[in-house]
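Thanks, everyone. Please bring up the model, and let's walk through a few of its contacts.

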Amino acid sequence: MSASGIRPGRRGRSVVTGLGVVAPTGIGAARHWESVLAGKSGLGRITRFDPTGYPVRVAGEVPGFRAAGQVPGRLVPQTDRFTHFALAAAEDALADAAADPAALPEYEMAVVTASSSGGTEFGQHEMENLYQKGSSWVGAYQSIAWFYAATTGQVSIRHGMRGPCGVICGEQAGGLDALGQSRRLLDTGSRLVLSGGTDASLCPYGLVAQMSTGRLSTEDDPARAYLPFDAAASGFVPGEGGAILVVEGAESARARGVPVYGELLGYAAGFDPTADGTTARHSVPVSVVRRALADAALAPGDIDVVFADASGVPAEDLAEARALTEVFGPGGVPVTAPKTLTGRLYAGGAALDVATALLSLSAGVVPHTAGLGRTAPGCEIDLVLDRPRQTDPRTALVLARGHGGFTSALVLGAGDRGAPGK
């Protein structure tokens, strides 16, 4: 790294100036952060449909979200709930960053998001129309609303962002991959990137598809349904929501006079097709974490907190714990998983973890992993339990793994902006 702090071969540093959060823990970064610090869970019995006949009846639903109040009226019937979430989060992120798209060159603004299953609920309703009423009842918007790239397209159109746009389908790991791509876009001429991910698969069709993995918890008690790294772990709880972030160059943020939540210091990704929940290995996560640290020009001892993937599947938890132990040593770094409050949000999960990590760095607090009891045997990690730790973290590692073997890591550095309420 040069004396200026800019890596050789790169145009400059990538920073986050705005956060938009739509999560089971609340709408808006401030409300979400309050819930995280208080250990207030957003998990409960599914209310979006009657789950009585399903073995999985607990999920993380976004409370009080009304698309009609968050999304332009004409777009509500044309798009799925996962796109509604992203449109609302993007608006909040831009406002939080004090960024006016109309004041920026349209070809210098980019959008890259993560997706997993696309517009599941919208697709289910249209298939119901097809099978129950006939093809003439299928709406024209089925062709675009279900599409995994629908969110990127609608957000870019909404804000006149005509620079590079894309979508990454890596399930839970996709949010980190999208943010990694945002750094590349800034290096190739983009000035501002909207990046992150949202998901909304809490409908009968979506739930059955998720159940096919065998990883979902069938525990009816929301307080016991999702216990990653715990001796009583039995799978994970599905959730909806996510986060959209404004990423821009440090020089651009400085020129606009806006504070930053933090910097994207390092990123790496890998793939392990053998990771199926029963034979999960820790070698790929070890490699990915080490490469992310190398990209950030940091050593393991420089990391102050790890936001874990925290599958909730015992074999996968053990593999992740062993990977962290190999890199950092037994109990070598505080590890946390605030997603026990939201469930796993698929394409939205890692993006929300990044937002939470940035808020953690801004507040100087490591949030705890709520609801756990006894750490599972073999998980030799310093899991933050019971209450937040006032350790003034300055760097964070976010780790995410997606269905099928996707594995990604993102290293964050603290910025100069305080957390909400500070």
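Helix 3 passes helix 6 in a right-handed crossing, meaning that the near helix is turned clockwise from the far one by less than a right angle. This is a predicted model, where local features need pLDDT of at least 70, side-chain atom pairs count only at pLDDT 80 or more, and totals for chains, interfaces and linings use all residues. Residues are numbered from 1 along each chain as its sequence is written, and side-chain values use heavy atoms, with hydrogens and water left out.

Back to the pair. Who meets whom? Helix 3 brings Phe82, Thr83, Ala86, Leu87, Ala90 and Glu91. Helix 6 brings Ala150, Thr151, Gln154, Val155 and Arg158. Contact here means heavy atoms within 4.5 Å. By class, six residues are nonpolar, three polar and two charged.

Next pair. Helix 4 (residues 120–133) and helix 8 (residues 204–211) pack at about 115°, with axes 8 Å apart. Thr120, Gln124 and Met127 in helix 4 meet Pro204, Tyr205 and Gly206 in helix 8. That contact has three nonpolar, three polar and no charged residues.

Last stop: leucine 264, in strand 9 (residues 262–271). Is leucine 264 buried or exposed? Its relative accessibility is 1%, so leucine 264 counts as buried (under 20% relative accessible area, with a 1.4 Å probe and protein chains only). Beyond its neighbours within four places in sequence, leucine 264 contacts residues including Ser14, Leu179, Arg183 and Val411. Valine 411 is 147 residues away in sequence, yet 6.2 Å away in space, C-alpha to C-alpha.

Note on methods: Helix = DSSP H or I, 4+ residues; strand = E, 2+ residues; numbered from the N terminus. Nonpolar A, V, L, I, M, F, W, Y, C, P; charged D, E, K, R; others polar. Axes fitted to C-alpha atoms, helices over the stretch in contact; angles between N-to-C directions. Buried < 20%, exposed > 50% of the residue type's maximum accessible area, 1.4 Å probe, protein only.
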